Amino acid sequence: MLLKLGLFFGTFFFMEGFAWFTHKYIMHGIMWNWHESHHVHHNEVLEKNDLFSVVFGLISTVTIIVGDLVPELWFLFWIGLGVALYGTFYFIFHDIIVHRRIKIKYVAKSKYMKRIMRAHFIHHKVHTRNGAEAFGFLYAPKKYEGGKERI
């Protein structure tokens with residue numbers, strides 16, 4: 001059971017690095033045509049960028065199913081659950097808390113939440129493919145503490 005929990009939580013933490021890499025080099029690179037919709041103001045409920053969530057959701061789902069159905073690949077089940085947990089945290093933090101795609105009243109009080117939200121707002125000051133910083137989703141370096149951005 002310890003190995004399974006290690007795979008589960010290890011995958012969750014690994015996903016932040018993977019998401020940072022994907023965000024910086026894929027979303028702001030070859031897949032900018034999807035991600036650009038997230039850097040421009042619009043009044044639509046959905047944006048092309050949401051296709052990334054569909055892709056990662058499908059990968060997580062298939063991994064969970066294969067890990068459950070193929071005994072030799074049992075570890076994929078726990079990896080898929082780790083990806084799903086990261087996706088859940090990403091949705092809550094990024095789509096609900098930061099971008100308010102679901103209207104809630106939330107005021108950041110902890111240093112961590114203020115820092116990660118500030119980093120994300122700084123990322124969105126750039127509306128082009130190049131020149132952005134702060135590509136993490138659930139982690140931001142301490143250099144993003146303080147400031148006057150909307151939080």
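Student: How do the residues lining the second largest pocket divide by class?

Tutor: In this predicted model, they divide into 12 nonpolar, 7 polar and 3 charged. Nonpolar means Ala, Val, Leu, Ile, Met, Phe, Trp, Tyr, Cys and Pro; charged means Asp, Glu, Lys and Arg; the others, Gly among them, are polar. A pocket is an open set of points on a 1 Å grid over the protein atoms alone, where a 1.4 Å probe fits, with protein on both sides within 12 Å along at least five of seven lines; lining residues have an atom within 4 Å of a point.

Student: What is the volume of the second largest pocket, and which residues lie nearest its centre?

Tutor: The general idea comes first. Rolling a probe the size of a water molecule over the atoms shows where empty space is left. Here the volume is about 400 Å³, counted as the space filled by probe spheres set on the points, which are joined across faces, edges and corners. The lining has 22 residues. F52, S53, F56, G87 and Y90 lie nearest the centre. Helices α1, α3 (51–69) and α4 each give two or more residues to this lining. The largest share, 8 residues, is from α4.

Student: What is the lining of the largest pocket like, by class?

Tutor: It has 7 nonpolar, 9 polar and 8 charged residues. The lining numbers 24 residues, and H41, H42, E47, H99 and R101 are nearest the centre of the largest pocket. Its volume is about 640 Å³. Again α4 gives the most to the lining, here with 3 residues.

Student: How many helices and strands does the chain have?

Tutor: There are 5 helices and 0 strands. Both are DSSP runs numbered from the N terminus: helices are H or I of at least four residues, strands E of at least two. Along the sequence the pattern reads α-α-α-α-α. The C-alpha trace spans about 50 × 35 × 30 Å along its principal axes. Contacts (heavy atoms within 4.5 Å) can also be sorted by separation along the chain. Of those with a separation of 6 or more, 58% join residues 24 or more positions apart.

Student: Where does UniProt place a "transmembrane region"?

Tutor: The unreviewed entry covers residues 6–23, 51–67 and 73–93. Such annotations, given in the numbering used here with shortened feature names, may be inferred rather than shown by experiment. In the model, residues 6–23 are 100% helix, with end C-alpha atoms 25 Å apart. Residues 51–67 are also 100% helix, and their end C-alpha atoms are 24 Å apart.

Student: Which residues have the most contacts inside the largest nonpolar core?

Tutor: Y86, F93, M113 and M117, in a core of 21 residues. The elements giving two or more residues to this core are α1 (2–30), α4 (74–98) and α5 (111–123). Such a core is a set of buried Ala, Val, Leu, Ile, Met, Phe, Trp, Tyr and Cys residues joined through side-chain atoms within 4.5 Å. Buried means under 20% relative accessible area, exposed over 50%, and partly exposed in between (1.4 Å probe, protein chains only). Buried residues make up 38% of the 151 in the chain.

Student: Is T63 buried or exposed?

Tutor: T63 counts as buried because its relative accessible area is 17%. It sits in helix α3. Beyond four places in sequence, T63 touches L76, F77 and G80.

Student: And is K143 buried or exposed?

Tutor: K143 is exposed, at 59%. It lies in the segment after α5. Neighbours within four places aside, K143 contacts R118 and E133. Its C-alpha atom is 8.4 Å from that of R115, 28 residues away along the chain.

Student: What are the ground rules for these values?

Tutor: Residues are numbered from 1 along each chain as its sequence is written, and side-chain values use heavy atoms, without hydrogens and water. Local features need pLDDT of at least 70 and side-chain atom pairs pLDDT 80 or more, while totals for chains, interfaces and linings use all residues.
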